[in-house]
Every structure is written in C-alpha cells, then in structure tokens.
Protein chains: 2
Amino acid sequence: MSAASPKHDVFQAIADRTRRKLLKLLVDGELPVTVISGHFPMSRTAVSKHLRILADAGLVKERKVGRETRFRLDAEPLQELKRWLAYYERYWDNKMSALQRYVEADEVMDDKPYAPLDAVNPETKD
Amino acid sequence: MSAASPKHDVFQAIADRTRRKLLKLLVDGELPVTVISGHFPMSRTAVSKHLRILADAGLVKERKVGRETRFRLDAEPLQELKRWLAYYERYWDNKMSALQRYVEADEVMDDKPYAPLDAVNPETKD
DNA sequence: TTGACATGAAACCATTTGGTTTCGTATAAT
DNA sequence: ATTATACGAAACCAAATGGTTTCATGTCAA
C-alpha cells in the first residue's frame with residue numbers, strides 16, 4: 001500500500017521516452033519546472049504535463065518553493081516493476097525456451113492439452 | 001544485439017495490461033491464436049494485433065504449424081528493462097531521497113547550482 | 001505599485017492506440 | 001470436391017496521447 005489509487009500506473013508512466021529522461025534528470029535532486037523544461041525540445045507546458053503523469057504514478061514528488069514548483073524523483077513505485085520482472089527472470093535463462101518447456105511438460109505435442117481456458121492464471125494481477 | 005531494429009520497444013509493449021496478461025499466459029508454452037484469444041474478452045483480431053506488437057518487441061516468437069500460428073514467450077528482451085531498473089534500485093533504498101541528496105550534495109540550496117543544462121546525461125539512452 | 005517571472009488550467013489539434021467488422025486465403029477434414 | 005477452421009489484412013471508429021498556444025494567478029523584484 002503505497003500511494004492511494006494512482007491515477008496512472010507505473011507501466012504507462014515509463015512507456016514514454018521523455019518521461020524516462022525526466023526521471024533520469026531528477027535523479028540528482030530537486031529541480032523547478034522551468035529548469036527541467038530547458039532540457040527538452042518542447043514547450044514548458046508539455047513537460048509540465050509529463051511531470052503530472054509521473055506524479056500521478058508516484059514517481060516524482062513536488063514541493064512549492066516561493067513561486068516555483070520543484071520536482072524530485074521518488075523511485076519507490078519502481079519496485080512494482082521489479083517484482084513483475086522477477087517473475088520472468090527464470091525464463092530468460094534460455095536453458096529453457098517456452099517451446100522446450102511445452103514439449104517437455106508432456107510429450108504429446110498434438111491433441112488439445114492447451115491451457116484449459118479456466119484455471120489459467122487463477123487471479124493474479126497481470 | 002538481439003533483434004534488429006525492434007519496431008516496438010519493450011517499454012511500450014508492456015505498457016498495456018492485455019499484453020502483460022498475454023505474456024503471462026504464454027509462460028507455460030506455445031499456444032495458437034484462437035486458444036489464446038479465448039482467454040480475453042475481445043475479438044481474435046484484437047488479440048492478434050497485441051501479439052503482433054509483442055512480436056515486434058521480440059517478446060514472443062511465432063511458429064506456423066499447419067493452419068495455425070503458435071506463439072510462445074521470449075523473455076530475453078525484458079533484460080533491457082532489468083538493466084534500466086537496476087540504475088534506479090539504489091534510489092528506493094529511501095535512506096536518501098532526491099531532496100536529501102540535493103541538499104547534501106552542496107549545502108547552498110539557493111543560488112543556481114541546478115543541473116548545468118549541458119553536461120547533464122551526457123549521452124546515455126534514457 | 002508596477003512589472004517580470006514561474007506555473008497550471010483550458011481549449012484546441014493531429015496522431016496513435018485499442019478496438020470492431022468484413023473479407024481473402026491457406027490448410028484440414030468430410 | 002466441398003466445407004469448415006485458423007488466421008491476417010484492410011477499412012473503419014472512438015478515445016487516449018502528446019503536443020501547441022493563450023490566459024489567469026501568485027510571487028518576487030524595482
């Protein structure tokens with residue numbers, strides 16, 4: 001239970017290259033919007049909207065200082081990604097491709113022993 | 001150097017929840033399109049398009065068997081994600097928030113010691 | 001107090017995305 | 001030979017996305 005109902009999920013937030021660059025830029029500390037947008041070839045408003053999306057995903061925090069708003073990285077939500085990834089790590093030790101796993105699971109290779117349409121992924125998130 | 005010029009990048013490919021479910025479903029082995037689409041509340045064609053996107057990102061492989069096309073997981077491209085994530089791991093040990101890092105880096109907190117606008121992220125991908 | 005700076009909100013726009021239905025074609029089954 | 005199955009391609013559509021410009025507001029500086 002980190003942020004309450006994050007309007008944007010982490011997967012979407014990091015899907016955009018500009019937003020990934022934003023995260024990287026904010027790694028070194030707090031920066032106000034104008035300075036941040038100076039690093040990008042688009043309007044300040046556009047950058048501001050990206051920052052909003054990152055904030056909605058919990059990946060950046062903001063703080064008002066006088067007339068400026070400073071943003072900083074909060075990497076914590078990336079742990080969700082880490083957990084998601086961990087599930088797949090064993091599959092890229094290509095000691096076992098999906099094909100091989102299938103064949104070895106039962107030697108049939110014909111018939112209809114496909115995933116039973118129910119009882120598959122009983123209820124895990126994704 | 002895995003796939004040559006992947007038309008879709010991994011970040012985008014996994015941004016969609018349906019596609020993440022597809023990956024999970026294909027973990028256990030090869031499946032033909034019709035069986036796959038049976039697990040989703042949308043048309044076969046829609047699922048097929050998702051599979052195409054995953055294939056473009058290198059996350060699934062396909063194989064023609066008679067009149068069917070069977071898809072299987074290829075987790076290898078997820079290693080890129082893993083590397084990307086690794087960069088941020090040290091930041092979610094919240095022993096040090098971005099704010100703290102900034103303050104401790106130099107005690108100024110005023111002035112203009114913001115990221116120098118050049119010499120920032122000299123040339124790393126994202 | 002007057003003007004400049006920092007920012008978000010709003011309205012708008014083109015393109016991409018995620019979905020649909022319809023159709024053509026290759027393969028398998030009768 | 002005919003029919004049924006598996007699939008992708010194409011045309012289409014609504015909504016989301018990534019961007020723009022303009023405007024209003026709050027804060028700092030002269």
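## Basis of the model

Residues are numbered from 1 along each chain as its sequence is written, while chains are lettered from A and ligands numbered from 1 in the order in which they are written. Because the model is predicted, local features need pLDDT of at least 70 and side-chain atom pairs count only at pLDDT 80 or more, whereas totals for chains, interfaces and linings use all residues.

## Surface near DNA strand C

Two or more residues each are given by α3 (33-37), α4 (44-56) and β3 (68-73) of chain A, and by α4 (44-56) of chain B; helices (H or I, at least four residues) and strands (E, at least two) are DSSP runs, numbered from the N terminus.

The largest share, four residues, comes from α4(B). By class, this surface has four nonpolar, ten polar and six charged residues, where Ala, Val, Leu, Ile, Met, Phe, Trp, Tyr, Cys and Pro count as nonpolar, Asp, Glu, Lys and Arg as charged, and the others, Gly among them, as polar.

## Surface near DNA strand D

The elements giving two or more residues here are α4 of chain A and, from chain B, α3 (33-37), α4 and β3 (68-73). With four residues, α4(A) gives the most to this surface, whose residues divide into four nonpolar, ten polar and five charged.

## Strands in the two chains

In chain A, strand β1 (residues 31-32) is joined to β3(A) by two antiparallel bridges, and A:Pro32 has A:Arg70 as its bridge partner; two strands pair if DSSP finds at least two bridges between them. Strand β2 (residues 60-65) of chain A pairs with β3(A) over six bridges, also in the antiparallel sense, with A:Val65 partnered by A:Glu68. The hairpin of β2(A) and β3(A) has two residues between the strands, and A:Gly66 takes a positive phi near 60° in this hairpin.

In chain B, three strands form an open antiparallel sheet in the order β1-β3-β2. Here β1 (31-32) and β2 (60-65) stand at the edges, each with a single partner strand, so one side of each is left without a neighbour in the sheet. Two bridges link β1(B) to β3(B), and B:Leu31 has B:Phe71 as its bridge partner.

## Helix packing between the chains

Helix α5 (residues 78-89) of chain A packs against α5(B) at an angle of about 145°, with the axes 10 Å apart; axes are lines fitted to C-alpha atoms, for helices over the stretch in contact, and angles run from 0 to 180 degrees between N-to-C directions. The contact is made by A:Leu78, A:Leu81, A:Lys82, A:Leu85 and A:Tyr88 of α5(A), together with B:Leu78, B:Leu81, B:Lys82, B:Leu85 and B:Tyr88 of α5(B) (residues are in contact if their C-beta atoms, placed from the backbone, lie within 7 Å). By class, this contact has eight nonpolar, no polar and two charged residues.

B:Leu78, in helix α5 (residues 78-89) of chain B, counts as buried because it has 24 C-beta neighbours inside 10 Å; a residue is buried if 20 or more other C-beta atoms lie within 10 Å of its own, exposed if 12 or fewer, and partly exposed in between, with C-beta atoms placed from the backbone. Leaving aside neighbours within four places in sequence, B:Leu78 is in contact with A:Leu85, A:Tyr88, A:Trp92 and B:Val10.

Definitions and conventions:
Contact = placed C-beta atoms within 7 Å.
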